[in-house]
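Please read it alongside the sequence and the structure.

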Amino acid sequence: MSDLLTVKGLSVDYVTAKGGHVRAVDNVSFSIKEGQSYGLAGESGCGKSTIAFSLMRLHRPPALISDGQIIVGGNDIVHMTENQVQQLRWSEIAMVFQSAMNCLNPVVTVEKQFFEIFRYHGITNDKKVSRKKAEELLSVVGIPAERLKDYPHQYSGGMRQRAVIAMALALRPKLLILDEPTTALDTVVQRDILKCIYDLKKELKFSIFFITHDISLMMEFCDTIGIMYAGKIVEQSSSGNILHNPKHPYTYGLKNSFPSLKGEVKYMEGIPGTPLDLQAIPVGCRFQDRCFRACNDCFTKEPEISTTNDGFFYCHNPLKAG
Amino acid sequence: MKEEKQTILSVKNVVMDFKIGGKSLLSKKKTLRALNDITFDLYKGEALAIVGESGCGKSTICRVAMKFYNPTSGTMTFGNNDIHKLKAQELKNYRQKVQMIFQDPFSSLNPLHNIYYHLKRPLKLYHPSDKITTKKKMDEYLTLVGLVPPEEQGSKNPHQLSGGQRQRAYLARILAVGAEVIFADEPTSMLDVSIRLGILNLMNKLKKENYKSFIYITHDIATARYFADRIIVLYAGHMVEWGDVNKVIVNPAHPYTKLLVSAAPDPEREGVVELPVLKDKESEVTVWTPESKGCPFKGRCPVAEERCSKELPQVREVSDGQFIRCFQSSR
């Protein structure tokens with residue numbers, strides 16, 4: 001399998017009012033293979049969504065990409081002109097946002113919103129053709145065709161999210177970015193939608209970049225998982241390894257923040273302390289204050305990359321296997 | 001061996017109807033039955049979880065208990081008094097003893113005042129004393145909820161605290177009022193994953209060491225199992241299964257509970273599971289009206305039979321301390 005998308009040394013800064021800058025994403029590198037589902041987990045404010053937005057260059061000032069490359073099909077998105085990126089959006093990379101409530105236009109019918117996509121990307125100017133295509137797409141996600149004439153508020157939350165997924169797939173993108181697609185939904189609806197996405201993935205063979213903070217959900221659905229803390233990917237591995245054999249103490253802590261449904265109810269600690277303030281990054285490892293395995297090195301020098309058979313991690317004092 | 005349990009709040013056959021508008025002004029108003037025959041007791045020092053999908057009436061229970069609405073029929077009693085008939089001093093006493101913690105810690109604190117102010121007001125109102133004692137009490141409560149050092153945290157304004165700290169500050173305020181029963185309406189769903197357990201552990205501590213009672217409203221059954229002692233599964237305003245939390249979640253008997261349990265994320269599961277539910281065209285919430293008949297879950301139930309659409313199943317005890325409303329179920 002070849003790489004569909006490669007991110008090399010990506011850094012994203014937020015310019016602050018006083019002229020300084022906060023580095024929200026710091027030197028992040030990863031790649032997504034064709035047909036793979038890559039998950040990115042972490043707390044809020046760790047830079048997950050900033051990465052997702054910069055992959056499509058949708059980030060708005062004060063955010064700016066200060067360094068790095070995002071390579072899709074041999075081209076670097078960072079250095080493209082606005083027109084070129086516009087061509088790429090939706091046809092190569094499509095995105096499903098966190099709240100479908102806000103990304104559908106409330107005063108326009110769903111049918112017309114589909115038509116706008118097709119017209120804008122030069123697929124068709126004929127309303128009848130567009131309607132037929134839209135009906136097909138909606139049937140794929142399990143929404144009856146007669147609901148096309150409805151306005152978004154007539155849909156339930158789950159249907160709205162499914163309609164957005166159908167729109168994202170309208171131009172058969174190679175990569176689908178899912179930015180917390182189900183956080184606002186119920187568990188039953190959430191599973192319905194994820195199942196729908198993964199059935200479609202099998203059929204249409206696209207890659208998935210899945211962002212969430214629910215690591216237990218991610219371990220069920222993704223092949224490879226990156227764990228992000230304070231702007232850095234601190235560990236990346238296959239989902240099986242993240243589950244059974246985590247190396248970084250933060251991964252272990254995140255995993256242990258979700259009570260289990262089986263076995264005995266054990267006292268769980270979670271992760272002590274609060275997420276790092278990116279304006280005051282300490283010397284050494286960023287996780288030092290909250291880490292239960294912190295040693296002297298952690299307070300003086302930044303950990304180097306260590307590679308494993310299917311990933312990497314940054315830690316001076318990693319957890320042992322088993 | 002069972003300890004003597006002391007009932008602190010008792011809910012009996014509560015029914016709550018809402019009038020909902022038709023399409024135009026002139027069309028007839030419809031009635032929506034948001035809660036139907038809700039009955040439970042809350043014991044001292046116990047946490048009772050209420051789970052269900054959005055729109056099933058979880059928060060309506062809270063609102064009825066908070067006296068936002070008077071129930072259409074049925075009673076809620078606190079101590080020996082009907083909540084909805086309280087007056088004057090008794091009402092003040094009820095307001096003191098029963099408090100609520102909200103989902104959004106960002107809007108439940110006054111942004112213009114510091115944390116000390118939030119604690120001082122209820123103390124002045126309910127436990128008047130001199131300045132030094134008040135200060136001592138405030139520091140005690142702040143330490144109890146883990147906001148240390150209290151001098152530093154107490155003089156901060158809400159915007160200087162993180163979400164988890166705000167939720168702690170709010171708990172401190174509730175304790176300062178002198179609450180015995182705490183209605184927690186999804187208190188952790190807006191917090192970061194790593195912070196959630198901290199709040200749950202704190203509530204657990206308050207429950208065990210300070211004998212506070214909790215009604216824990218959530219849609220995350222994993223945390224319900226972690227924190228609560230008993231659980232009520234609500235579907236379209238009906239209690240479909242309730243009882244001991246471990247029995248209900250480990251051995252669910254009602255088809256809807258089974259669905260909820262299998263939909264919860266489980267990292268150890270391989271691949272995508274098929275949900276035990278009928279595919280309905282729109283997975284919308286079942287609308288229940290006073291005229292509706294039968295079991296509310298019948299439309300989505302994989303094991304529904306004819307009589308399910310005719311009569312509401314009676315309550316059955318499937319095992320010691322586990323009750324369901326369902327004709328089916330082998331046990």
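**Note on helix packing and sheet order**

1. Helices α6(A) and α7(A) are roughly parallel to each other, because their axes cross at roughly 20° and angles under 35 degrees count as roughly parallel. The model under discussion is a predicted one. In chain A, helix α6 covers residues 157–168 and helix α7 covers residues 187–204; their axes come within 10 Å.

2. The crossing of α6(A) past α7(A) is right-handed. On the α6(A) side, the contact is made by A:Gly158, A:Gln161, A:Arg162 and A:Ile165. On the α7(A) side, A:Val189, A:Ile193, A:Ile197 and A:Leu200 contribute. Sorted by class, this contact has 5 nonpolar, 2 polar and 1 charged residues.

3. Chain B has an open sheet of 4 strands, in the order β2-β1-β4-β5, with antiparallel pairing. Strands β2 (30–43) and β5 (81–82) of chain B are the edge strands, each pairing on one side only.

4. Within this sheet, strand β1 of chain B (residues 7–20) pairs with β2(B) over 10 bridges in the antiparallel sense. Opposite B:Thr7 stands B:Tyr43, a residue of β2(B).

Key
Residues numbered from 1 in each chain as written. Chains lettered and ligands numbered in written order. Predicted model: local features only at pLDDT ≥ 70, side-chain atom pairs only at ≥ 80, totals over all residues. Heavy atoms only, no water. Axes fitted to C-alpha atoms, helices over the stretch in contact; angles between N-to-C directions. Helix = DSSP H or I, 4+ residues; strand = E, 2+ residues; numbered from the N terminus. Parallel < 35°, antiparallel > 145°, perpendicular 65-115°, else oblique. Left-handed = near helix turned anticlockwise from the far one by under 90°. Contact = heavy atoms within 4.5 Å. Nonpolar A, V, L, I, M, F, W, Y, C, P; charged D, E, K, R; others polar. Pairing = 2+ DSSP bridges.
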